[in-house]
Amino acid sequence: MNPCPRCHNPTDESDNYCRHCGRSLKPGTGFLFSHLGIILTAFVLGPFALPFVWMSKIIGRGAKWMYTALLALLSVYFAFLFYHSFLLAREAAQLFLNPPF
(Lines give C-alpha, C1' and ligand atoms only; values in the text may rest on other atoms or scores of the structure.)
Protein backbone atom coordinates (compact mmCIF):
# COMPACT_ATOMS: atom_id res chain seq x y z
CA MET A 1 0.00 0.00 0.00
CA ASN A 2 1.24 3.44 -0.98
CA PRO A 3 0.13 6.71 0.64
CA CYS A 4 -1.73 9.29 -1.41
CA PRO A 5 0.53 12.27 -2.30
CA ARG A 6 -2.17 14.74 -1.26
CA CYS A 7 -3.96 13.35 1.80
CA HIS A 8 -1.43 10.65 2.81
CA ASN A 9 -4.13 8.00 3.32
CA PRO A 10 -3.25 4.45 2.24
CA THR A 11 -4.16 3.41 -1.32
CA ASP A 12 -3.95 0.11 -3.20
CA GLU A 13 -1.56 -0.41 -6.11
CA SER A 14 -4.54 -0.98 -8.44
CA ASP A 15 -6.29 2.31 -7.54
CA ASN A 16 -6.37 5.00 -10.20
CA TYR A 17 -7.77 7.62 -7.82
CA CYS A 18 -7.51 8.13 -4.07
CA ARG A 19 -10.62 6.86 -2.28
CA HIS A 20 -10.46 9.69 0.23
CA CYS A 21 -9.63 12.88 -1.70
CA GLY A 22 -10.18 11.83 -5.34
CA ARG A 23 -6.70 12.74 -6.60
CA SER A 24 -5.44 10.89 -9.67
CA LEU A 25 -2.69 8.47 -8.68
CA LYS A 26 -1.50 7.65 -12.22
CA PRO A 27 0.49 10.35 -14.05
CA GLY A 28 -1.16 11.65 -17.20
CA THR A 29 -4.73 10.74 -16.19
CA GLY A 30 -5.96 13.81 -14.27
CA PHE A 31 -8.37 16.50 -15.43
CA LEU A 32 -5.65 18.54 -17.17
CA PHE A 33 -4.96 15.57 -19.44
CA SER A 34 -8.59 15.09 -20.54
CA HIS A 35 -10.05 16.69 -23.68
CA LEU A 36 -11.83 19.44 -21.73
CA GLY A 37 -8.79 20.07 -19.54
CA ILE A 38 -6.52 20.43 -22.58
CA ILE A 39 -8.95 22.80 -24.29
CA LEU A 40 -9.21 25.00 -21.19
CA THR A 41 -5.44 24.90 -20.70
CA ALA A 42 -4.94 25.89 -24.35
CA PHE A 43 -7.13 28.97 -23.83
CA VAL A 44 -5.00 30.01 -20.88
CA LEU A 45 -1.50 28.92 -21.95
CA GLY A 46 -1.75 28.80 -25.75
CA PRO A 47 1.05 26.72 -27.30
CA PHE A 48 2.49 26.03 -23.84
CA ALA A 49 -0.36 23.52 -23.37
CA LEU A 50 1.36 21.07 -25.75
CA PRO A 51 3.18 19.16 -22.98
CA PHE A 52 -0.20 18.38 -21.42
CA VAL A 53 -1.37 17.08 -24.79
CA TRP A 54 1.55 14.72 -25.28
CA MET A 55 1.77 13.50 -21.67
CA SER A 56 -1.92 12.55 -21.65
CA LYS A 57 -2.71 8.87 -21.36
CA ILE A 58 -6.42 9.52 -21.91
CA ILE A 59 -6.52 10.84 -25.48
CA GLY A 60 -5.38 8.94 -28.57
CA ARG A 61 -2.47 9.63 -30.91
CA GLY A 62 -4.71 11.07 -33.64
CA ALA A 63 -6.27 13.56 -31.24
CA LYS A 64 -2.80 14.53 -30.00
CA TRP A 65 -1.72 15.38 -33.55
CA MET A 66 -4.96 17.31 -34.16
CA TYR A 67 -4.45 19.37 -30.98
CA THR A 68 -0.83 20.01 -31.97
CA ALA A 69 -1.78 21.18 -35.47
CA LEU A 70 -4.60 23.35 -34.14
CA LEU A 71 -2.40 24.97 -31.51
CA ALA A 72 0.35 25.58 -34.07
CA LEU A 73 -2.08 27.21 -36.52
CA LEU A 74 -3.62 29.37 -33.80
CA SER A 75 -0.16 30.44 -32.63
CA VAL A 76 0.86 31.48 -36.14
CA TYR A 77 -2.46 33.30 -36.63
CA PHE A 78 -2.12 35.24 -33.37
CA ALA A 79 1.51 36.07 -34.13
CA PHE A 80 0.34 37.43 -37.52
CA LEU A 81 -2.38 39.50 -35.82
CA PHE A 82 0.06 40.82 -33.24
CA TYR A 83 2.55 41.85 -35.94
CA HIS A 84 -0.10 43.67 -37.98
CA SER A 85 -1.50 45.43 -34.91
CA PHE A 86 2.06 46.54 -34.09
CA LEU A 87 2.45 47.95 -37.63
CA LEU A 88 -0.90 49.72 -37.35
CA ALA A 89 0.03 51.24 -33.98
CA ARG A 90 3.40 52.39 -35.36
CA GLU A 91 1.71 54.01 -38.37
CA ALA A 92 -0.82 55.73 -36.10
CA ALA A 93 1.99 57.05 -33.90
CA GLN A 94 3.83 58.42 -36.95
CA LEU A 95 0.66 60.15 -38.18
CA PHE A 96 0.08 61.58 -34.71
CA LEU A 97 3.62 62.90 -34.36
CA ASN A 98 3.96 64.11 -37.97
CA PRO A 99 0.53 65.18 -39.28
CA PRO A 100 0.27 65.34 -43.10
CA PHE A 101 -1.16 68.90 -43.19
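Biologist: Is C18 buried or exposed?

Modeller: In this predicted model, where local features need pLDDT of at least 70, side-chain atom pairs count only at pLDDT 80 or more, and totals for chains, interfaces and linings use all residues, the class follows from relative accessible area, with buried meaning under 20%, exposed over 50% and partly exposed in between, for a 1.4 Å probe and protein chains only. Residues are numbered from 1 along each chain as its sequence is written, and side-chain values use heavy atoms, with hydrogens and water left out. The relative accessible area of C18 is 4%, so C18 is buried.

Biologist: How many disulfides does a search of the whole structure find?

Modeller: A disulfide is a pair of cysteine sulfur atoms within 2.5 Å. For C7, which is partly exposed at a relative accessible area of 26%, the nearest cysteine sulfur is that of C18, 3.5 Å away, and C7 is in no disulfide. C18 is likewise in no disulfide, its nearest cysteine sulfur being that of C7. The number of disulfides found in the whole structure is 0.

Biologist: Which residues are linked in a network of salt bridges?

Modeller: Side chains of opposite charge can pair when their charged atoms come close; the criterion for a salt bridge is a side-chain nitrogen of Lys or Arg within 4 Å of a carboxyl oxygen of Asp or Glu. The structure holds 2 such bridges: D12 pairs with R19 at 3.3 Å between the closest N and O atoms, and D15 pairs with R19 at 3.1 Å. D15 counts as buried at 10% relative accessibility, whereas R19 is exposed at 62% and D12 is partly exposed at 29%. The linked residues are D12, D15 and R19.

Biologist: Which element gives the largest share of the lining of the largest pocket?

Modeller: On a 1 Å grid over the protein atoms alone, a pocket is an open set of points where a 1.4 Å probe fits, with protein on both sides within 12 Å along at least five of seven lines, and lining residues have an atom within 4 Å of a point. The residues lining the largest pocket include I38, F43, Y67, L74 and F78. Two or more lining residues come from each of α1 (35-45) and α3 (61-97), these helices being DSSP runs of H or I with at least four residues, numbered from the N terminus. The largest share, 6 residues, comes from α3.
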